[in-house]
Amino acid sequence: SGKSTLVKLLLGLYRPAKGKILFNGQDISKFTQADYLALFKVVFQDYAIFDFSIAQNISASVDQDQGRLRDIMMNNGIAEWVDRLPNHEKTAIGTYSQEDFQPSGGQRQQIAVARAQYKHGIYQILDEPSAAMDPIKELRLFSKIKQVSRDTPSLFITHRIGAVTLANKIILMRDGQIDGIGTKSSLLRQSAYFRELWHSQADMY
């Protein structure tokens with residue numbers, strides 16, 4: 001319904017057909033693409049996991065800050081399963097490796113989120129970051145997003161209506177348009193569409 005398109009517009013990957021996008025009051029077209037993208041830590045829905053080691057997949061580099069890498073693996077629940085592997089974070093991913101290690105969908109998503117957190121950026125964007133995770137890992141991830149957001153402003157896209165309780169502000173999308181902006185309480189009062197979403201998913205639990 002336009003959520004991922006909105007993110008790609010904010011990141012300057014798409015150009016608006018009309019109008020302009022401002023970042024801290026500045027037109028983003030005035031930035032070089034490299035300088036602008038360096039401001040963000042991003043996890044897209046269509047993230048890639050490469051046939052490199054787990055450490056290289058997280059750091060996106062052949063060299064790692066080992067302390068930073070360890071902290072991020074611990075905070076994202078990755079250390080729990082990486083420490084059981086024979087070569088730990090040096091374990092290579094993919095069928096071309098001697099280990100032939102194939103992470104699960106949830107583990108791949110954890111690696112993608114950790115990669116974003118390893119990067120030094122000032123704003124975090126996560127596009128459906130928990131879609132492949134089980135409920136326990138999902139809860140841990142949302143708790144981590146809330147913790148990280150104290151220092152790093154975050155925008156996260158989700159279909160899980162319960163997750164919006166983490167947000168200070170909700171942008172409600174419908175059919176490619178912004179249908180409402182507000183808190184959970186204000187949208188429950190003002191938006192029939194949000195009420196429908198909220199009650200339909202609440203009934204599932």
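Strand β4 (residues 123–127) is mostly covered, with 4 of its 5 residues buried (under 20% relative accessible area, where exposed is over 50% and partly exposed lies in between; 1.4 Å probe, protein chains only). Helices (H or I, at least four residues) and strands (E, at least two) are DSSP runs, numbered from the N terminus. The model is predicted: local features need pLDDT of at least 70 and side-chain atom pairs count only at pLDDT 80 or more, while totals for chains, interfaces and linings use all residues. Residues are numbered from 1 along each chain as its sequence is written, and side-chain values use heavy atoms, without hydrogens and water.

β4 pairs with two strands. Pairing requires at least two DSSP bridges between the strands. Strand β3 (residues 40–43) runs parallel to β4, joined by 4 bridges. Here Val-42 stands opposite Ile-125. Strand β5 (residues 154–157) is also parallel to β4, again over 4 bridges. Gln-124 has Ser-154 of β5 as its bridge partner.

The largest nonpolar core has 17 residues. Such a core is a set of buried Ala, Val, Leu, Ile, Met, Phe, Trp, Tyr and Cys residues joined through side-chain atoms within 4.5 Å. Ile-54, Ile-58, Met-73, Ile-78 and Trp-81 have the most contacts inside it. Two or more residues each come from α3 (54–59), α4 (66–75), α5 (79–82) and α6 (105–118). Beyond neighbours within four places in sequence, Ile-54 is in contact (heavy atoms within 4.5 Å) with residues including Trp-81, Leu-85, Ile-93 and Phe-101.

Leu-188 lies in helix α8 (residues 184–190). The C-alpha atoms of Leu-188 and Trp-198 are 8.1 Å apart, at 10 residues along the chain.
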